[in-house]
Amino acid sequence: LIIGDLMTYLGTFDKVMQKVLRQQAKSVNFSFLYKAYWMSVMKKINNDLEKNIKELIMEYYETEDKAVQEEIMQKIEGLKKLFLTEEQAQTFEKAYFLLYPEVRDFHGVCCDEASSTGIITSPMGRRKHVPEATLNSAVYDNLKKIAHALNSSTNHPIQSLGGDCKYMAFLRTSAAFRKEGIDAYLIGDLHDALFASVAPEH
């Protein structure tokens, strides 16, 4: 229902605005999930907006059609309204963790494991060594290394589990093809999609 409502909402905007709103939604969700701070999210969103505006400006000067130029200027003005202030970015962060407080707990578990053992383990047993997480935080030169290691410790379980789920899907889909007598075989994948070569009759 939420996804359906979101797609309906996005459908009320033109394609440029849809693209930008999708980018912003992804930046907010994935950044906070991977332990980024509000300032990083603000910079990512605003940099993306600047890039989109520059592309529109190039389109503006590539055409002499006044109606098209007017439409482009309207799009640019619309995008300018989407730049985030520090206050808005902080509000995004607070709202995110109010909705998903378990994410904070997940971050804590990952960081505790990494800082105490120098290793982070995914839900299906994949281990990644993050020795920098155990460095002495009292030494200033170590702080950046520690921060990077701790961020990596929250990324690894998510990325690894996603990959493992896809491998399991490969195996189960192949088994289902054989069980159902379907003349098909998997040939590859892209993100969360599997690709198969399938006989025309199937």
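Tyr96 counts as buried, at 9% relative accessibility; buried means under 20% relative accessible area, exposed over 50% and partly exposed in between, with a 1.4 Å probe and protein chains only. Before I go on, this is a predicted model, where local features need pLDDT of at least 70 and side-chain atom pairs count only at pLDDT 80 or more, while totals for chains, interfaces and linings use all residues. Residues are numbered from 1 along each chain as its sequence is written, and side-chain values use heavy atoms, with hydrogens and water left out.

A search of the whole structure gives 6 aromatic pairs. Rings of Phe, Tyr and Trp (for Trp the six-membered ring) pair if their centres lie within 6.5 Å; planes under 30 degrees apart count as stacked, over 60 as edge-to-face and the rest as tilted. One of the pairs is Phe30 with Tyr34: the centres are 6.4 Å apart and the planes are at 20°, so this pair is stacked. Phe30 is partly exposed at 43% relative accessible area, and Tyr34 is also partly exposed, at 21%.

Phe32 and Tyr96 have ring centres 5.4 Å apart and planes at 50°, so that pair is tilted. Phe32 lies in helix α2 and Tyr96 in helix α5, residues 86-99, so the pair ties together parts 64 residues apart in sequence. Helices here are DSSP runs of H or I, at least four residues, and strands are runs of E, at least two, numbered from the N terminus. Phe32 is buried, with a relative accessible area of 0%. Phe32, Tyr96, Phe97 and Tyr100 form one aromatic cluster.

What does α5 meet in α6? Tyr96, Phe97, Leu98 and Leu99 of α5 meet Pro101, Val103, Arg104 and His107 of α6, contact meaning heavy atoms within 4.5 Å. By class, that contact has 6 nonpolar, 1 polar and 1 charged residues. Ala, Val, Leu, Ile, Met, Phe, Trp, Tyr, Cys and Pro count as nonpolar, Asp, Glu, Lys and Arg as charged, and the others, Gly among them, as polar.

Now the geometry. The axes of α5 and α6, residues 101-117, come within 4 Å and cross at roughly 90°. Axes are lines fitted to C-alpha atoms, for helices over the stretch in contact, with angles from 0 to 180 degrees between N-to-C directions. The two helices are therefore roughly perpendicular; under 35 degrees counts as roughly parallel, over 145 as roughly antiparallel, 65 to 115 as roughly perpendicular and the rest as oblique.

Helix α2, residues 15-33, and helix α4, residues 66-80, have axes that come within 10 Å and cross at roughly 20°. That makes α2 roughly parallel to α4. Val16, Met17 and Val20 of α2 make the contact with Lys75, Gly78 and Leu79 of α4. Those residues divide into 4 nonpolar, 1 polar and 1 charged.

Last, Lys35, in the loop between α2 and α3. Is Lys35 buried or exposed? Lys35 is buried, with a relative accessible area of 17%. Phi of Lys35 is near 75°, a positive value in a residue other than glycine. Most residues other than glycine have a negative phi. Not counting residues up to four places away in sequence, Lys35 touches His107, Cys111, Leu150, Asn151 and Thr154.
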